[in-house]
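Work through these exercises with the structure open beside you. Try each task before you read its solution.

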Amino acid sequence: MSIMMELDRGCSNLREYGNEQSLLSKPDGSSTFVQGDTSILAGVYGPAEVKVSKEIYDRATVEVLIQPKMGLPGVRERAREQCARETCEAALLLTLHPRSSVTVILQVVHDDGSLPSCCLNATCMALMDAGLPMSHLFCSVTCAISKDGQIITDPTALQEKESRALLTFAIDSVEHNVLMSSTKGSFSLQELQRCIAISQRASEQIFQFYRESVKR
Amino acid sequence: MAAGFKTAEPLEYHRSFLKENCRPDGRELGEFRPTTLNTSSISTADGSALVKIGNTTVICGIKAELTVPPSDAPNRGYIVPNVDLPPLCSSKFRPGPPGEQAQAASQFIADVIESSDLINMEELCIEKSKLCWVLYCDIMCLDYDGNLLDACIIVLLAALKNAQLPEVTINKETDLAEADIQKKKPLKIHRHPVGSSFAVFDDSVILVDPTAEEESLSTALLTVVTDEEDRLCAVHKPGGTSLSGEKLQHCINRAITRNKEIRKLVDKVTESTKTAK
């Protein structure tokens, strides 16, 4: 079931979002998330067997693998994997599946800006599709601060290149607090607070989108 | 008896200290460990520094090499940072290719260098499209006791301030580069980014400068990098439990104070090496 929605272009201008779940047959959960032209395919395997060297006695072990469109995963992908993994570990109820593994594999299909956000959104939808127990959902928003101080949400690759700073936040669905923050470029404290406020407002739209995608 | 309790119930052990608003090593919640800095530690490197934050020991060596600038940026040189966590520093790290923590730290340092505009890369270019400097910064942890990222940023900053590059001219007749080792110039550092790391304990208590044990028991980690104009160069929180706006504000304020302390330390050490010469 494919859903394409034009999100309400209120104060935070998000691009057109799309999502399809359960499209792959082998993974326990899968999802594709499209933000404008940026597209990510996520697959989740879990709870499954884990190597003895990696097993944790009281919790599940979460592994995230990000495959770029071209070439082998490098240092940049490892840093993104660390962010995604720790966000998932906070959201999933890992103590319900001790000595098991939850593996999330993300494939970049097309990159037109806001890639880390799209990865996290695809991950959340795939975890939902796999039916893994979670204490809260999460979504991710990228804000770009342009050279003249304007804040653009969900920037395209061109807008990212011309921006002075790029901030990516993951927001949780219960208290709307910041779960993950990853920034590039320098900015002032006021700009940070404005971006967080804008991201929290945009996250409400994204959670609404999650609800509607799952309903269908 | 306390050692037995600590091994059996590490979380409860730490909680009993937090109830009294202090930590097992006697520090307050907002106190950093004593930081010491030493420069010119490696005589064969173009610049080097060693920093100790409590027990965490990190060393950085800078080697400058000449190379052709990349085609998409012909008038800029570049810096290649690499963070290495050898099995020497902790039993957590096994020998072999760099693990996730080392790679994520390397990416973080590269992002901080770019975000904070530490060095103007155009000053590293000697001749457009023909010759530029590339600075290989090898950061190695010798003793891992938590708070790796702060130590890496401080040691990188100190090593770059310590680095001396020879003057290079291109001989017009032979079109070859000639380096004059007798004439050495230090690098011009534009900004001084300093990082402060925090650990969130039990979703509510924030500890400054966590040790390795506190990091493993924490529910979230946060690193804030500020420069001397109180601008934020990085707010790095790789997941974990959520943090409210006021707590984040509190951490940023602490980071700004720490920036002043570390800048004084780095300036003192740089001055002392200058007078010693």
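**Exercise 1. In which helix do Phe207(A) and Tyr210(A) both lie, and how many residues apart are they?**

Solution. Both residues lie in helix α4 of chain A. They are three residues apart, about one turn of the helix. Helices (H or I, at least four residues) and strands (E, at least two) are DSSP runs, numbered from the N terminus.

Before going on, note the ground rules. This is a predicted model, in which local features need pLDDT of at least 70, side-chain atom pairs count only at pLDDT 80 or more, and totals for chains, interfaces and linings use all residues. Residues are numbered from 1 along each chain as its sequence is written, chains are lettered from A and ligands numbered from 1 in the order in which they are written, and side-chain values use heavy atoms, with hydrogens and water left out.

**Exercise 2. Find the aromatic pairs around helix α4 of chain A and describe their geometry.**

Solution. Start with the total: the whole structure has eight aromatic pairs over all chains. Rings of Phe, Tyr and Trp (its six-membered ring) pair if their centres lie within 6.5 Å; planes under 30 degrees apart count as stacked, over 60 as edge-to-face and the rest as tilted.

Step 1. Check burial. Buried means under 20% relative accessible area, exposed over 50%, partly exposed in between (1.4 Å probe, protein chains only). Phe33(A) has 0% and is buried. Phe209(A), also listed at 0%, counts as buried.

Step 2. Now take Phe207(A) and Tyr210(A). This pair is edge-to-face, with 5.8 Å between centres and 80 degrees between planes. Phe207(A) is buried at 4%, and Tyr210(A) is buried at 1%.

Step 3. Tyr17(A), Phe33(A), Phe207(A), Phe209(A) and Tyr210(A) form one aromatic cluster.

**Exercise 3. Which residues of chain B are linked in a network of salt bridges?**

Solution. A salt bridge is a side-chain nitrogen of Lys or Arg within 4 Å of a carboxyl oxygen of Asp or Glu. The structure holds 24 of them over all chains.

Step 1. Arg23(B) bridges to Glu214(B), with the closest N and O atoms 3.0 Å apart. Arg23(B) lies in the loop between α2 (10-19) and β1 (35-39), and Glu214(B) in helix α5, so the pair ties together parts of chain B that are 191 residues apart in sequence. Both partners are buried.

Step 2. Asp209(B) and Arg27(B) meet in a salt bridge of 3.5 Å, N to O. Asp209(B) is in the loop between β10 and α5, and Arg27(B) in the loop between α2 and β1, so this pair ties together parts 182 residues apart. Asp209(B) and Arg27(B) are buried.

Step 3. Name the network: Arg23(B), Asp25(B), Arg27(B), Arg33(B), Asp145(B), Asp209(B) and Glu214(B).

Step 4. Turn to chain A. Lys54(A) and Glu63(A) form a salt bridge of 2.8 Å, N to O. Lys54(A) is partly exposed at 37%, and Glu63(A) is partly exposed at 28%.

**Exercise 4. Which residues make up the covered face of β1(B)?**

Solution. In a regular strand the side chains alternate between the two faces of the sheet. The covered face of β1(B) holds Thr35(B), Leu37(B) and Thr39(B). Thr36(B) and Asn38(B) are on the uncovered face.

Next, find the partner. β1(B) pairs with β2 (residues 47-53) of chain B in the antiparallel sense, over five bridges. Two strands pair if DSSP finds at least two bridges between them. Thr39(B) stands opposite Ala49(B) in β2(B).

**Exercise 5. Inspect the backbone at Pro47(A), Asp117(B) and Asp209(B).**

Solution. The peptide bond from Gly46(A) to Pro47(A) is cis, with omega near -15 degrees. Pro47(A) is in strand β4 (residues 38-48) of chain A.

Asp117(B) is not a glycine, yet its phi is positive, about 60 degrees. Asp117(B) lies in the loop between α3 (100-116) and β5 (125-127) of chain B. At 45% relative accessibility, Asp117(B) is partly exposed.

Asp209(B) also has a positive phi, near 55 degrees. Asp209(B) is buried, at 0%.
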